[in-house]
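Trainee: Could we go through a structure together? I would like to learn how the words used for it follow from the values.

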Amino acid sequence: RIDCADGSDEICPQRRLREFEGLDDQAIFKMEQAELASVMNHSQVLKTQKSENLEEHFAREAEKALQKAERDGKECRNAEQGTECFNHVLYAMSHGIYQHPNWYPGLTSKSSFGDFQALLHLLPSNECARPCREAGCLRLSVQFACQLRVEWLRQVEFIQHSVWYPELSADSSSEALAMALWQRGDKACSRPCGENEADDPVL
C-alpha cells in the first residue's frame with residue numbers, strides 16, 4: 001500500500017507504484033504475503049545452515065577432546081552391561097538420537113556403541129570412561145569363545161532383545177557382532193581385526 005503525502009494511512013490511488021497499476025487492494029495484499037513468506041523461508045534456511053555448522057563444530061571439538069584424552073594416556077574402559085554408562089549409551093542409541101539428534105553432533109542412528117560412549121565420555125554426568133579404540137586386535141577365526149558368544153547373540157539375544165543392539169541388523173556380519181560385543185565390554189571378545197590388520201601377538 002502507498003500512504004498519502006499527508007502521512008495518513010489512506011491509500012492514495014494517484015501514488016500507486018507502476019507495477020501495482022491495475023491491481024486491487026486484495027491482489028496487492030496477496031503479493032505482500034508472498035514476499036513475507038519468501039523472507040521467512042530464507043530466514044529459516046539460514047537458521048538451519050547455522051545449526052548444521054554448529055553441529056559440525058561440536059563434532060570436531062568432541063573428536064579433538066577424545067584424541068587429547070588418548071594422548072594424555074587416560075584409562076580406557078568399554079562400558080559393560082549393568083553400569084550407569086552402559087544405560088546412558090543404550091538410551092542415547094535407542095531414543096536420544098531420534099528425539100534430539102542435535103544433542104549428538106557427528107553421530108547418527110547407525111553410529112557404533114563406542115562412538116556414542118566416546119561422545120558421552122565428554123559429559124562427566126554420564127559417568128563414562130574413555131572407550132578403548134586403540135586396543136590390539138585378533139581375527140575372529142581364532143577367538144573361539146567370542147565365536148560362541150556371537151552365535152548366541154545372533155540366535156537368541158538378537159531375536160529376544162534386539163533393542164540392546166540398535167546399530168545391528170539381521171544382516172550384520174559376525175565381525176560386526178563381535179565388535180559390538182567388545183565395545184560393550186564383553187570379556188569373551190577382543191577387538192576383531194579389520195581387513196588390513198594383523199593379530200596382536202600379545203593377545
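Mentor: What follows is a set of questions about this model, which is predicted.

Trainee: Let me start with one residue. Where is Asn 78, and why is Asn 78 called buried?

Mentor: Asn 78 sits in the loop between α1 (25-71) and α2 (84-99). Buried means under 20% relative accessible area. Asn 78 has 10%, so Asn 78 is buried.

Trainee: What does the side chain of Asn 78 reach?

Mentor: The side chain reaches the backbone oxygen of Trp 182 at 3.0 Å. A polar atom of the Asn 78 side chain also lies 2.8 Å from the backbone nitrogen of Cys 132. The cut-off for a polar contact is 3.5 Å, and the values to set against it are 3.0 Å for Trp 182 and 2.8 Å for Cys 132. Leaving out residues up to four places away in sequence, Asn 78 touches Gln 117, Pro 131, Cys 132, Trp 182, Gln 183 and Gly 185.

Trainee: Now the helices. What makes α2 and α3 roughly perpendicular to each other?

Mentor: Two packed helices are described by the angle between their axes and the distance between the axes. For α2 and α3 the angle is about 110 degrees, and the axes are 9 Å apart. Angles from 65 to 115 degrees count as roughly perpendicular, and therefore α2 and α3 get that description. On the α2 side, the contact is made by Cys 85, Phe 86, His 88, Val 89, Ala 92, Met 93 and Ile 97. On the α3 side, Phe 113, Phe 116, Gln 117 and Leu 120 take part. These residues divide into 9 nonpolar, 2 polar and no charged.

Trainee: How do you know that α3 is largely enclosed by the rest of the structure?

Mentor: Count the buried residues: 8 of the 9 in α3 are buried, so α3 is largely enclosed. They are Phe 113, Gly 114, Phe 116, Gln 117, Ala 118, Leu 119, Leu 120 and His 121.

Trainee: Why is Ser 111 called buried, and why is Ser 94 called partly exposed?

Mentor: Ser 111, in the loop between α2 and α3, has a relative accessible area of 9%. That is under the 20% cut-off, so Ser 111 is buried. A polar atom of the Ser 111 side chain lies 2.9 Å from the backbone nitrogen of Thr 108. Ser 94, in helix α2, has 22%. Not counting residues up to four places away in sequence, Ser 94 touches Val 163 and Pro 166.

Trainee: What makes α4 roughly perpendicular to α5?

Mentor: Helix α4 (residues 144-160) and helix α5 (residues 174-183) pack at about 100 degrees, with their axes 9 Å apart. The range for roughly perpendicular is 65 to 115 degrees, so α4 is roughly perpendicular to α5. In this contact, Cys 146, Arg 149, Val 150, Leu 153 and Arg 154 in α4 meet Ser 174, Leu 177, Ala 178 and Leu 181 in α5. The residues of the contact divide into 6 nonpolar, 1 polar and 2 charged.

Trainee: Which residues of α5 are buried, and what covers them?

Mentor: The buried ones are Leu 177, Ala 178, Ala 180, Leu 181, Trp 182 and Gln 183. Their cover includes α3 (113-121), α4 and β2 (191-192).

Trainee: One last residue. Is Arg 184 buried or exposed?

Mentor: Arg 184 lies in the loop between α5 and β2. Its relative accessibility is 6%, so Arg 184 counts as buried. Among the residues Arg 184 touches are Ala 79, Phe 86, Met 93, Phe 113 and Trp 164. Arg 184 and Pro 131 are 53 residues apart along the chain, while their C-alpha atoms are separated by 9.4 Å.

Technical notes
Residues are numbered from 1 along each chain as its sequence is written. This is a predicted model: local features need pLDDT of at least 70, side-chain atom pairs count only at pLDDT 80 or more; totals for chains, interfaces and linings use all residues. Side-chain values use heavy atoms; hydrogens and water are left out. Helices (H or I, at least four residues) and strands (E, at least two) are DSSP runs, numbered from the N terminus. Buried means under 20% relative accessible area, exposed over 50%, partly exposed in between (1.4 Å probe, protein chains only). A polar contact is a pair of N or O atoms within 3.5 Å; within protein, one must be able to donate a hydrogen and the other to accept it, and residues adjacent in sequence count only if both atoms are side-chain atoms. Contact means heavy atoms within 4.5 Å. Axes are lines fitted to C-alpha atoms, for helices over the stretch in contact, and angles run from 0 to 180 degrees between N-to-C directions. Angles under 35 degrees count as roughly parallel, over 145 as roughly antiparallel, 65 to 115 as roughly perpendicular and the rest as oblique. Ala, Val, Leu, Ile, Met, Phe, Trp, Tyr, Cys and Pro count as nonpolar, Asp, Glu, Lys and Arg as charged, and the others, Gly among them, as polar.
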